[in-house]
Amino acid sequence: MKLQLIGKGNLPLLTFILDGGTDDSILNVSAISRRLGCSRSSLIDRIRNYGFESAIKHFLTEKRKRKQKM
């Protein structure tokens, strides 16, 4: 799997090849997903479809909505 950090204008900022090896620890996707309150697979799917920045914004917005309902 390839993870690309996309910036404004859909320009790739950084690309990671996630193959299950030791260099996958560059980004701890599990820790990011826990912090955002979503599953790891949901985060990876969202990153794949919309880019890293958009996925982070989406899950932060969802987390804020859940907090407001409480």
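Helices (H or I, at least four residues) and strands (E, at least two) are DSSP runs, numbered from the N terminus. With that in hand, select Ser-33: this residue is found in helix H1. We will come back to Ser-33.

A word on the source. This is a predicted model, in which local features need pLDDT of at least 70, side-chain atom pairs count only at pLDDT 80 or more, and totals for chains, interfaces and linings use all residues. Residues are numbered from 1 along each chain as its sequence is written, and side-chain values use heavy atoms, with hydrogens and water left out.

**The whole chain**

Follow the sequence and the order is β-β-α-α-α.

Now switch to a surface. The chain exposes about 5,200 Å², and carbon and sulfur atoms supply 53% of that area. Areas of this kind come from the Shrake-Rupley method with a 1.4 Å probe; for residues, only the protein chains shown count as cover.

How much of the chain is buried? Of its 70 residues, 27% are. Buried means under 20% relative accessible area, exposed means over 50%, and partly exposed lies in between (1.4 Å probe, protein chains only).

**H1 against H2**

Select residues 29-36, helix H1, and residues 40-50, helix H2. Their axes are 9 Å apart, and the packing angle is about 100°. Axes are lines fitted to C-alpha atoms, for helices over the stretch in contact, and angles run from 0 to 180 degrees between N-to-C directions. H1 and H2 are therefore roughly perpendicular to each other. The classes are: under 35 degrees roughly parallel, over 145 roughly antiparallel, 65 to 115 roughly perpendicular, and the rest oblique.

Show side chains next. From H1, pick Val-29, Ser-30, Ile-32, Ser-33 and Leu-36; they meet Arg-40, Leu-43 and Ile-44 of H2. Sorted by class, this contact has five nonpolar, two polar and one charged residues. Here Ala, Val, Leu, Ile, Met, Phe, Trp, Tyr, Cys and Pro count as nonpolar, Asp, Glu, Lys and Arg as charged, and the others, Gly among them, as polar. Contact means heavy atoms within 4.5 Å.

Back to Ser-33. Is Ser-33 buried or exposed? Ser-33 is buried, at 4% relative accessible area. Leaving out residues up to four places away in sequence, Ser-33 touches Cys-38, Ser-39, Arg-40 and Leu-43.

**The loop between H1 and H2**

Step into the loop between H1 and H2 and select Gly-37. Gly-37 counts as partly exposed, with 44% relative accessibility.

Cys-38 is buried, at 17% relative accessible area. Not counting residues up to four places away in sequence, Cys-38 touches Ser-33, Leu-43 and Phe-59.

**H1 against H3**

The angle here is about 35°, with the axes 9 Å apart. Ile-32, Arg-35 and Leu-36 in H1 meet Phe-52, Ile-56, Phe-59, Leu-60, Lys-63 and Arg-66 in H3. This contact has six nonpolar, no polar and three charged residues.

Zoom in on Ile-56, in H3. Ile-56 is buried, at 18% relative accessible area. Beyond its neighbours within four places in sequence, Ile-56 is in contact with Ile-32 and Leu-36.

**The core**

Which residues have the most contacts inside the largest nonpolar core? Select Leu-36, Cys-38, Leu-43, Ile-47, Phe-52 and Phe-59, from a core of 13 residues. Strand E1 (2-6), H1, H2 and helix H3 (52-69) each give two or more residues to this core. H3 gives the largest share, four residues. A nonpolar core is a set of buried Ala, Val, Leu, Ile, Met, Phe, Trp, Tyr and Cys residues joined through side-chain atoms within 4.5 Å.

Centre on Phe-52. Setting aside neighbours within four places in sequence, Phe-52 is in contact with Gln-4, Leu-5, Ile-6, Leu-27, Ile-32 and Ile-47.

**Last stop: E1**

Select Leu-5, in strand E1. Leu-5 counts as buried, at 14% relative accessibility. Not counting residues up to four places away in sequence, Leu-5 touches Leu-11, Pro-12, Leu-13, Leu-14, Phe-16, Leu-27 and Phe-52.
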